[in-house]
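Thanks for asking me to look this one over.

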Amino acid sequence: MQKEPEILAPAGSPECVLSAVRNGADAVYLGTKAFNARRGAENFSDAELQKAIEYCRARGVKVHVVLNTLVRDDELPLAFDVIRHVCALGADVLILQDVGLFALARECAPSLLRHASTQMSVQTAAGLELLKKLGYSRAVLPRELTKEEIKALRKSTDMELEVFVHGALCMCVSGQCYMSAMLGSRSGNRGLCAQPCRLPFSAGEPGRHDLSLKDLSLIEHLEELSKIGIDSFKIEGRMKRPEYVAAAVKSAKEALGGKTGTETQEKLRAVFSRSGFTDGYFENARGPLMFGTRRKEDVVSASAKVLSSLKNLYSKETPRVPVSFFLTVLEGEELSLSARSGNKTVFVSSSCAPEKALNAPTSEERLKEWLSKCGSTPFYPQEIEIELDGGLSVPASAVNALRREALEKLEEALKAVKPHSFTETDFKIPSHAAREKKTFHLVLSSGEQIPQNLENVENLYFPHEIEEKYVESVENKGITLGVSVPRLLCGAQEKTERLLLRAKNLGITAALCGTLDAVAIAQKCGLEVHLGFSMNVFNSLSVLEFERMGVKSITLSPELTLAQCAAIGGDVQRGIVAYGRLPLMLTRNCPVKNAKSCAECRGKSVLTDRMGVSFPVMCHGSYQEILNSRPIYMGDRTEEIKNVDFMSFLFTREKAKSVDAVLDAYRKGKKAKGDFTRGLCYRGVE
């Protein structure tokens, strides 16, 4: 028999915990004051976290603690302390993005369940298989998947799967966005996204919002998702108020019960939306109708009356924990009561003994009535048994006092800490000794970009659909030839495998992988694995974990400074993005189609922001990449790039002549020509 899916609610504050639990959430997810993807939320101090876990545990609600951001080397001891504290409090789950932090949790807290955040961008059966092999028990799927793709993933694995069913919808695939970081050093991968995509970005006339999607809502599809076999329905919103949490959880409960179009669901729309909601990805109906902004009417719809009515949904305790009572009323003995819930049983007694009844004796029905009044507690009576001698009189006050005392003791017993085992570590990380001379790794978007001068080129990556003639032109020149595996692979695993095997037959030996999906598929096809910038390798523990997986080289995160890159340890070869227009967004819903057709675009469109700055849009057919307005250029600063083995060059729209010119400039240390940026090499991210 299929179990009922979990409703997983956001809790950005202690009040939101009350709101979620009292409206029927099966689990809540929340963050500490550090290392979570909503650092702008109120979040939880150590003491608040303990209270939240105790409150939830007493009510049979699980607590998922998010550590779903990238962590620098200097932050690892603090992250370790957070994991230790979470273990001591007995939380149920850690939600993780950082591969190094995951490896740390797996080693030091093996009994604590580990879920793969949607920030890990895993979209394929191969990716899920790799997650399971690494030790994850659940994956949070990307929001961009269609119904059929979700079904296929469900059939491919016995791993638990979690799906977002309501809340904000980012334009970019989670974990693949660098726009906020590049434009203002506020990293979405570090929980501080400034949401620049909600500002005007136009593919046509100025003033349009072609990067702003409506909020997601799959509330009306919950029964369908339940039949598919999804284990957890996740509601986004740790930055939202408790009234929103109340409406979202209650709406989900109603929908699972077969009720849609309810008053609560209308209030949910009123309390927060962006021009309404969308199910476009789920229904495979991508296009302009999915876009929307936060309009004046959306704001004013959340009236004081609506908020007040929603506040009433969590103002009082909700009975959700079953309790069984056994009351003993025997002549000449004190009253005694046991209360049991789950595997916890408590016993209480009263000095008050029953007396012979002068008139009507106290009946069993009356005693059950008194015990049933659990009042403002989390309990409701499931079973009541009474051992009663006849002809006795028992005061209601005595039974009520016993019931109150028993329920108080039972709640305390249910709160009891169940700590996870924890192993200390000393963070011994081997330092890295880079090669004396840095080589070039070229990432081409077309075979026509192959440069004439291949001096110092060590690795050259073609698109994965590369033609044979281009491979043949570079063979036998001592260069490792590879293909770039697409970062968006929704529903495309089989096709990608065929193309990689074809490339292998052409003489390709390596694959540049930007996601764990790509890693899994490349390994399956027998290709060397080299990690691209979008793997978000941010610390030494991640390097060590990927070394263990057999990775040959790593391009470190472009959100690290040069100094931070230089300090990262481990043996595997590593490099940085030293040149190119960094892809700021990876999107499955083309923003350009809001203003023009594919025939009009021809893959050469741009988005223009409110300042008139243009951002090229690279079309890959089934997905798009929004490039930075300027290329990173470090040709005149190569001596400042310390302790790395190679420099990675991302060539997007450059012609072969320009590719040669760029490489020549780097060989000779020339200053840049034209507009450029140093990226985050010096300023880094918060």
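1. In what order do the 5 strands of the open sheet lie, and is the pairing parallel or antiparallel? Keep in mind that this is a predicted model. The order is β8-β26-β27-β28-β25, and the pairing is antiparallel. At the edges sit β8 (201-202) and β25 (583-587), each of which pairs on one side only.

2. Let's stay with β8 for a moment. Its partner is strand β26 (residues 606-609), and 2 bridges join these antiparallel strands. If you want a spot to look at in the viewer, take S202: its bridge partner in β26 is T608.

3. Next, the cysteines. How many disulfides does a search of the whole structure find? The count is 0. As a reminder, a disulfide is a covalent bond between the sulfur atoms of two cysteines. For C170, the closest cysteine sulfur belongs to C197 and lies 6.1 Å away, which is too far for a bond; the cut-off for a disulfide is 2.5 Å.

4. Are C170 and C352 buried, or are they partly exposed? C170 has a relative accessibility of 37% and so counts as partly exposed. C352 is also partly exposed, with a relative accessible area of 25%.

5. Finally, a helix. After α5 comes G135, which has a positive phi, near 120°.

Terms used: Residues are numbered from 1 along each chain as its sequence is written. This is a predicted model: local features need pLDDT of at least 70, side-chain atom pairs count only at pLDDT 80 or more; totals for chains, interfaces and linings use all residues. Side-chain values use heavy atoms; hydrogens and water are left out. Buried means under 20% relative accessible area, exposed over 50%, partly exposed in between (1.4 Å probe, protein chains only). Two strands pair if DSSP finds at least two bridges between them. Helices (H or I, at least four residues) and strands (E, at least two) are DSSP runs, numbered from the N terminus.
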